[in-house]
Amino acid sequence: MTRRSGPGESAARTFEALPPAKGSRAPFAESWWGREWLRSLEESSLDSGRLSRGRTYARGGAVGPVSVAPGSVGASVHGSRRTPYRSTVRVEQLTDRQWDQLLDMIAERAANIAALLDGEMPAGLADDAAAAGVPLLPGPQDLDPECSCPDWGYPCKHAAALCYQVARLLDRDPFVLLLLRGRGERELMDELGRRNAARASAEAAASATTMGAGPAVAPARPGDPAGPAFAFRTALPSLPGPPPLPDRPGRRPALVDSAVPEPGLDPAALELLAADTATRAHHLLSGALGARHAGTVPPAPLTEWQDAVRLAATHATLDVFARIASNCGRTPGELAAATRAWRHGGAASLDVLESPWNPPALCLERAREALRADWADGTPPRLRAWRNRWTVEGRDAQLRLSRDGLWYPYTKDEGTWWPAGPPDADPAVVLTALLAT
């Protein structure tokens, strides 16, 4: 296996655990490159049953945070025992010569770079690379799975679950595939910038030679219109990249011991608000620098109670929790349930906790049909319905439907219903995970 060292080694990325997949019949990969990844997995597998179990694990949220590095991807996968297994899939990295060919192909067309930045893998690029002997997409037998479980399957169900989860990551970010092949996004974009600049310089020099001796760009004079000045330019250099995202939000100011506060001022509260502002600014900048930022809609403004719950969920200390509970006139138990709900889905999840509502009857009937169709033996547990809530008879388990069509799991503890996990559009996925706990 060819292995690069140097800058690519520092490009490793870790992705948070993805929520359960939507629906038991929905495809894991929507992009064509994600489907190619799964085709490689499924054509090299020796046991379709293990693949099926892997899909079930991945759909149910059994795969933890996924670490992607040049040549390998790994994650902890929860199986039948309490301690998760460690699964890894290795992919052969491209050689320096192959990378040189691939980078030339990408830089040759501005549309290739634009597509990558927009979260797309150009189909023409993959075809051209394959024709030149550069295996951008993995083929059968190119994936090398390993797992700490005792199963000798190729792959075992835990490694298969990891592969299905990687397909979802590839849908979101094609640079994951390029990182597996050996180089990270920042390294690639820097190299493409250098190649674009060199190409523009060469084209300008060639144009100057064609036009004869003299500068390629006429000097501009005060008062000259911009059009004639730019007409002499044969090529413009590429725009600089966006500013780098800081690793973490800025450090909050230390106000408590700095001076005697004015009457009515609370230094500890100001410190918290400053830290929260830095955290939110870092989150907004991260979204603005993302490939899918264009066209997104700003979130709706929060109410005072929603913002208080968000603060308690974001800055989870006993002092902050006690302050917010006291100032909002809520009991600690009410705020604890609200913060847990917020962590599973923000304002929509908080609404599910606090506001029962009447969904359309047709919507509930379709959900029941989907539950019966997706259940393993066709006979799901008996459910007692009230408004948007389905309670499992004989169990302290409940499903709640949100206004945007997602089902949230709940469990009862000492007479109180508590949010129990992330939502899913498929009630069968949520109920299966809920009853398995």
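**Figure 1. Side-chain contact of Asp424 with the backbone of Asp426.** In this predicted model, the backbone nitrogen of Asp426 lies 2.7 Å from the side chain of Asp424. Asp424 belongs to the loop that links β10 (416-419) and α15 (427-436).

Figure 2. Asp424 is buried and forms no salt bridge. Arg168 provides the nearest side chain of opposite charge, at 6.7 Å.

**Figure 3. Residues 1-9.** Over residues 1-9 the pLDDT stays under 50. Where pLDDT is low, predicted coordinates should not be read in detail.

**Figure 4. Residues 213-218.** This segment is another stretch in which pLDDT stays under 50. For residues 213-218 the model has six contacts beyond four places in sequence.

**Figure 5. The protein chain as context for the close-ups.** The protein chain has 437 residues, of which 40% are buried. Its secondary structure consists of 15 helices and 10 strands. Among contacts with a separation of 6 or more, 65% join residues 24 or more positions apart. The chain exposes about 24200 Å², with 55% of that area supplied by carbon and sulfur atoms. Mean pLDDT is 81, and 86% of the residues reach 70 or more.

Conventions. Residues numbered from 1 in each chain as written. Predicted model: local features only at pLDDT ≥ 70, side-chain atom pairs only at ≥ 80, totals over all residues. Heavy atoms only, no water. Helix = DSSP H or I, 4+ residues; strand = E, 2+ residues; numbered from the N terminus. Buried < 20%, exposed > 50% of the residue type's maximum accessible area, 1.4 Å probe, protein only. Lys, Arg positive; Asp, Glu negative; His and termini not counted. Salt bridge = Lys/Arg side-chain N within 4 Å of Asp/Glu carboxyl O. Polar contact = N/O pair within 3.5 Å; in protein donor to acceptor, adjacent residues only side chain to side chain. pLDDT = per-residue confidence, 0-100. Contact = heavy atoms within 4.5 Å. Areas by Shrake-Rupley, 256 points an atom, 1.4 Å probe, with all protein chains shown as cover.
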